[in-house]
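User: Hi! I'm new to this one and would like a friendly walk through it. Could you show me what we're looking at?

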Amino acid sequence: MTYYQKFHVPAGTFQVDARKPLVLQAYLNSCVGVALFDPEAGVAGLYHILLPEPVSGKTEYNREKYASTGLPLFLGRLVREGADISRLQAVIAGGALAGKVSNQDIRLDIGGRTAEVVKEVLGKHGIQVLLSETGGFFTCCLNFNLETFEYEVIPALLSEDTQPDEETNGRISCLDDIQPIPQVALKILRMIGEDSYGIQNLSQEVRKDQVISAQVLKHCNSAVFAGKGGIDSIDDALLIIGQTTLAKIVTAMAVKKLLNNSYTGYSLTKGGLYHHAIGVALVAEKIAALCGKASPFAAYSAGLTHDLGKVVLDQFVSGARPFFYREIMGENDLVETENRLLKTNHTKAGFKLARKWELPSSIINTIRHHHAPEEAEEHLELVTIVSVSDTLFHMFSAGPSLHKVDMNSLSRRLELLGMSISDFPAIVDAIPHQVLSGSPELAIT
Ligand SMILES: [Fe+2]
Ligand SMILES: [Fe+2]
C-alpha cells in the first residue's frame, strides 16, 4: 500500500496543484468541501468553504470564506494552472446540519445553503458532479489523491489520519504528571482575577523566562515582520504590539507547550488541541467585544484554557480511541461519554487542575461549566461566551477537537448575551481568517 503525505486544507482556503504524490484533505462539519479536477490536464484542487455568501453590508471581507465569491477564484486558479472548465469534474461533501433537525437548525442550515450555492455555480459552468454527499449530521473527511485523482468521503471517525497510539508503558497520567505552565503565564492569568488589569511589570516578568522570551520574539517577528527580523527585545515587542497583545502571545505560547505535549485522543489533527484553544480564545474575544458582557481579554484567556482537562484525560482517551470516536461522533454527548467510559470528564479534571494552579475564578468556572454554562453560579456571562465560541468554532473547524456540536441551546445562550441568531453571521464574519489556517496564532497579533 502506498503511503501518501496528507495536506490539510483549512476552512476558508483552497489548494490547487498539478499531479503529485499528495492527498488533499478537509474535515467538514457545516463547511462544504469541493474537489475539482481535470484528469487530462493533470490539475486538481480542493476548496474548504465556510459560508454561502458574504454578510450583507460588509464591504471588507475575505472572498475565499464564501461559496459565492470564492468559487470564481478557485475556478480561475484551476484555469491558470492549465485546467479546462469544460473538462472539470466535481466531488462535493460536507454541509452537515450539526444536530437534530429542529426549527433552529433549519434557520442555521448554513451548510445546506453553502452546498446549494456550490451546486448552482458548478451548474452554471456545466461542471459534472460525480459525487455529492452533503447534509447529514456528522463530521466527514473528504480526501483527494493528487497522484491518482481518486477521491473518497468518509465519516471522520473512520479516518486513519490520527497519530498512532503511543506506548504509555502503564504510566497513568494524573494531575501531578501535568507539567505546570510557566510562572509568567500563570501570573498573567491570575491578574485577570484582580480587576485592575494593568501589567506594569509584564516585560520584566517575560524576560525572566528565557524560553518564553525567545518564543515571543520569534512569534512577533514572524507575525509582524514576516520572519525578516526587526524585534529583538521584549521591550521592543511591548512597544510595537502593546501590552495586551504581548500578554495574549505569552499565554498562548505557554498553553501551546502544554497542549502539544499531549497525545491525540481528542483530536483528529496534529496540534489540534492547541489550534482549538486559540480558535475558541479569539472567537470568545470577538464575542465579548460585540456583546460587551465581559472583558475581551478575560474571554480570550478563558477560551484559551477552557479545555485544559483534556490534557489530563487525553492519555486515557487515546487508549480507547476507535470506540471513543464512534461514541462521540454518534448521537452521544462528549461529557456523558467521558463519564461512562472514564468515570470522569474533562470539565471535572480541568477544574481540579485549575484549582491546583490557583487560576482565577473566572477561568476555573469556565473550565468547569463550559459544556453547561447555565450551571455556573459565578461568571455566567463569561462562561456562556466561551461555550458559544466553542460551539461556533467547532462548526467551522471540526478536525482539531472532536465533539458533537450542541446546537439546541445556542439560541438561548446567545439571548443571555443580548444577542440573537441573527447576529450569527456577523460573529462568524469576525473570526480572523488565520484562525482557521495552519498558523492560528498569527491571528493573535
Ligand atoms: Fe470542552
Ligand atoms: Fe472546546
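This is a predicted model: local features need pLDDT of at least 70, side-chain atom pairs count only at pLDDT 80 or more; totals for chains, interfaces and linings use all residues.

User: Thanks! Back to E374: which residue does E374 form a salt bridge with?
Analyst: That would be R412, with the closest N and O atoms 3.2 Å apart. A salt bridge is a side-chain nitrogen of Lys or Arg within 4 Å of a carboxyl oxygen of Asp or Glu.

User: And where do E374 and R412 lie?
Analyst: E374 is in the loop between α15 and α16, while R412 is in helix α17 (residues 410-416), so the pair ties together parts that are 38 residues apart in sequence. R412 is partly exposed too, with a relative accessible area of 47%. Helices (H or I, at least four residues) and strands (E, at least two) are DSSP runs, numbered from the N terminus.

User: How many salt bridges are there in the whole structure?
Analyst: A search finds nine. One of them joins the side chains of E285 and K248, at 2.9 Å from N to O. E285 belongs to helix α9 (residues 272-291) and K248 to helix α8 (residues 243-261), so this pair links parts 37 residues apart in sequence.

User: Are E285 and K248 buried or exposed?
Analyst: E285 is buried, with a relative accessible area of 16%, and K248 is buried at 7%. There is also a salt bridge between D307 and K310, whose closest N and O atoms are 3.1 Å apart; both of those residues are buried.

User: Switching topic: how do α15 and α16 cross?
Analyst: Helix α15 (residues 361-369) and helix α16 (residues 380-396) have axes that come within 9 Å and cross at roughly 50 degrees. The axes are lines fitted to C-alpha atoms, for helices over the stretch in contact, and angles run from 0 to 180 degrees between N-to-C directions. The two helices are therefore oblique to each other: angles under 35 degrees count as roughly parallel, over 145 as roughly antiparallel, 65 to 115 as roughly perpendicular, and the rest as oblique.

User: Which residues meet there?
Analyst: From α15 come S362, N365, T366 and H369, and they meet L382, V383 and V386 of α16. Contact means heavy atoms within 4.5 Å.

User: Is α15 mostly covered or exposed?
Analyst: Mostly covered, as seven of its nine residues are buried. Among them are I363, I364 and I367.

User: What about L380? Which residues does L380 touch?
Analyst: L380, which is in helix α16, touches P373, E374 and L416, leaving aside residues up to four places away in sequence. L380 counts as partly exposed, at 32% relative accessibility.

User: Last one: how many helices and strands does the protein have?
Analyst: It has 18 helices and nine strands. Of its 445 residues, 56% count as buried.

Definitions and conventions:
Residues are numbered from 1 along each chain as its sequence is written. Chains are lettered from A and ligands numbered from 1 in the order in which they are written. Side-chain values use heavy atoms; hydrogens and water are left out. Buried means under 20% relative accessible area, exposed over 50%, partly exposed in between (1.4 Å probe, protein chains only).
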